[in-house]
Amino acid sequence: MTLFAYQHRVLFHDTMAYGSHHFMTNLKFQCLVREHLFFGQVVEGNDGGRALHDETVILTRDAYCLNLNPVGVGERVAILLTVEAATRMSVRFCFRVVHEDGRPVTAGYQTLVAL
């Protein structure tokens, strides 16, 4: 199993603000680590990665998330991503987000299809 970890400090612009209530969705965590992995490791880290990116359409086929505990602005989390069910055209990314004190924050998955 392939594992990728990404440390993130929650900033105000990461949150959705409604009056005095600010919150962050699981999808934001999923996109943060997915984009960091994809663009940082695949596109920018490989010869021809940019050309491959420009010729590929990536769609999210299905996704799920379960929010377990809140995280406030300024707090740190670790986002763990595992790669599962990889085929030539699709991959499932499973996400687990853990607060710096060890409590689980959220978990979920996304299945991506490349065209």
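What percentage of the 115 residues of the protein chain count as buried? The share is 30%, where buried means under 20% relative accessible area, exposed means over 50%, and partly exposed lies in between (1.4 Å probe, protein chains only). This is a predicted model, in which local features need pLDDT of at least 70 and side-chain atom pairs count only at pLDDT 80 or more, while totals for chains, interfaces and linings use all residues. Residues are numbered from 1 along each chain as its sequence is written, and side-chain values use heavy atoms, with hydrogens and water left out.

**View 1. The protein chain as a whole.** The protein chain contains 2 helices and 7 strands; helices (H or I, at least four residues) and strands (E, at least two) are DSSP runs, numbered from the N terminus. Along the sequence, these elements follow the pattern β-β-β-α-α-β-β-β-β. Among contacts with a separation of 6 or more, 60% join residues 24 or more positions apart, a contact being heavy atoms within 4.5 Å. The accessible surface comes to about 7200 Å², and 58% of this belongs to carbon and sulfur atoms. Such areas come from the Shrake-Rupley method with a 1.4 Å probe; for residues, only the protein chains shown count as cover.

**View 2. The open sheet.** Antiparallel pairing joins 5 strands in the order β1-β5-β6-β7-β4; two strands pair if DSSP finds at least two bridges between them. At the edges stand β1 (2-9) and β4, each of which pairs on one side only. On average, neighbouring strands of this sheet are turned by 20° against each other, direction ignored. For this angle, axes are lines fitted to C-alpha atoms, for helices over the stretch in contact, and angles run from 0 to 180 degrees between N-to-C directions.

**View 3. Strands β1, β5 and β6.** Strand β5 (residues 76-84) runs antiparallel to β1, and 8 bridges join the two. Within this pair, Gln7 has Ala78 of β5 as its bridge partner. Strand β6 (residues 90-99) also pairs with β5 in the antiparallel sense, over 8 bridges, and Val83 has Phe93 of β6 as its bridge partner. The hairpin of β5 and β6 has 5 residues between the strands, and Ala85 takes a positive phi near 50° there.

**View 4. Gln110 and its surroundings.** Gln110 lies in strand β7, which spans residues 104-114 and pairs with β4 in the antiparallel sense over 9 bridges. The bridge partner of Ala63 is Gln110. Is Gln110 buried or exposed? Gln110 counts as buried because its relative accessible area is 1%. Leaving aside residues up to four places away in sequence, Gln110 touches several residues, including Leu27, Cys31, Arg34, Asp62, Val91 and Phe95.

**View 5. A nonpolar surface patch.** Val57, Leu59, Met89 and Leu115 make a nonpolar surface patch of about 380 Å². Patches are made of residues with over 30% relative accessible area and no salt bridge: like charges are joined within 9 Å, nonpolar side chains (Val, Leu, Ile, Met, Phe, Trp, Tyr) within 5 Å. Leu59 belongs to strand β4 (residues 58-67) and counts as partly exposed because its relative accessibility is 42%.

**View 6. The salt bridge.** The structure holds 1 salt bridge, defined as a side-chain nitrogen of Lys or Arg within 4 Å of a carboxyl oxygen of Asp or Glu. The side chains of Asp101 and Arg103 form this contact at 3.2 Å, N to O. Asp101 is exposed, with a relative accessible area of 52%, whereas Arg103 is partly exposed at 26% relative accessibility.
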